[in-house]
Amino acid sequence: MRLTSMHCTRQASSPSSLLTTMSYPRLTTEQMLRKDQKTISRQGIKVAISAIYMDLEAFLQRSGLIADLHAFCQAHSYDALVAMTIFFNTHNEPVRQLAVFCPHTALQVMICGVLESSHSPSLKLVPVPSTHPNLQAYLQGNTQVSRKKLLPLLQEALSAYFDSMKSPSGQPETAGVSREQVDKELDRAGNSLISGLSQDEEEPPLPPTPMNSLVDECPLDQGLPKFSAEVIFEKCSQISLSESTTASLSKK
């Protein structure tokens, strides 16, 4: 899979490369996904949304990625995973990309359909050919749509998916589905948390970041514990936009 349309070579001194170095010092795929993650659920259907601060192409080229994604979803009982990647190009402009991984075809089609057809907000997604049926990647033309704005769309997709599983009588449609699958879904629905945005509070904490990470050496690490990478990214984006506007006015 290639993401050539918006792929930009980044300089070592760019905000993107610095943020990536600080965020992912030799982390495993699972650690990268869980480092900045949200979870939504409805009627036992769970979707993880992970923010990854690097080029999606580089992430998709990780060795054994598909197997890692399968293992991640299975270990945490996720039915789907949405990865939103963010980085700055050489002009310090924000670039967003998105990937949907889902082993369940009907759910994947529903999620991708809602995201592609959304007009409020419009993500302006450009599909990228995929070499694996469970993974669909996109170039996100509208860089103003952050994960916070994407969450309601995913909730809408889950609602539409759950409604599509019901027959006209209001009972779940089980035609063509094995008894074992039905029992599994019913058990998961019965044990699920209240629908809506939630964090995996029962999950064990991630292992500590390696000591050679720039995060451990940053004097602001303990001073600003509430600042997430998403906040840093948005602030850098605002600064870049302000500098561009100032430069444009000075030329006039």
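Strand β4 is mostly covered, with 7 of its 8 residues buried; here buried means under 20% relative accessible area, exposed means over 50%, and partly exposed is in between, using a 1.4 Å probe and protein chains only. The model is a predicted one, in which local features need pLDDT of at least 70 and side-chain atom pairs count only at pLDDT 80 or more, while totals for chains, interfaces and linings use all residues. Residues are numbered from 1 along each chain as its sequence is written, and side-chain values use heavy atoms, leaving out hydrogens and water.

For orientation, the protein chain comes to 9 helices and 7 strands. Helices (H or I, at least four residues) and strands (E, at least two) are DSSP runs, numbered from the N terminus. Of the 252 residues in the protein chain, 40% are buried.

Two strands are taken to pair if DSSP finds at least two bridges between them. Strand β4 runs antiparallel to β3, and 8 bridges join the two. Within this pairing, I86 has R96 as its bridge partner in β4, and F88 has P94. The hairpin of β3 and β4 has 5 residues between the strands, and N92 takes a positive phi near 60° there. A further 6 bridges join β4 to strand β6 (residues 135–140), again in the antiparallel sense, with R96 opposite Q140 in β6.

Next come the nonpolar cores, each a set of buried Ala, Val, Leu, Ile, Met, Phe, Trp, Tyr and Cys residues joined through side-chain atoms within 4.5 Å. The largest has 26 residues, of which V82, L98, I111, L115 and L150 touch the most other members. Two or more residues come from each of β2 (45–52), β3 (80–88), β4 (94–101), α5 (105–117) and α6, and α6 gives the most, with 7 residues. A second, separate core of 22 residues includes L27, L65, C73 and A99. In soluble globular proteins, nonpolar side chains tend to be buried together. V82 touches V47, A48, I49, S50, L98, A99, V100, L150 and L154, not counting residues up to four places away in sequence.

Helix α6 (residues 147–164) has 18 residues and should span 26 Å at 1.5 Å a residue; its end C-alpha atoms are 25 Å apart, which agrees. The expected span is 1.5 Å times one less than the number of residues. Buried residues in α6 are R147, L150, L151, L153, L154, A157, L158, Y161 and F162.

How many cavities of 30 Å³ or more are there? The count comes to 1, with about 50 Å³ of space in the largest cavity. Its lining consists of L33, F59, L60, L69, L81, A83, A99, F101 and L135, and the elements giving two or more residues to this lining are α3 (56–60), β3 and β4. A cavity is a set of points, on a 1 Å grid over the protein atoms alone, where a 1.4 Å probe fits but cannot get out; lining residues have an atom within 4 Å of a point. Grid points are joined across faces, edges and corners, and a volume is the space filled by probe spheres set on the points.

Some backbone details remain. A cis peptide bond, with omega about 0°, joins S120 and P121, and P121 is found in the loop between α5 and β5 (125–128). K124 lies in the loop between α5 and β5 and has a positive phi near 55°; K124 is exposed, with a relative accessible area of 56%. Q43, in the loop between β1 (37–42) and β2, has a positive phi near 50° and counts as partly exposed at 35% relative accessibility.

Conventions. Contact means heavy atoms within 4.5 Å. On a 1 Å grid over the protein atoms alone, a cavity is a set of points where a 1.4 Å probe fits but cannot get out, and a pocket is an open set with protein on both sides within 12 Å along at least five of seven lines; lining residues have an atom within 4 Å of a point.
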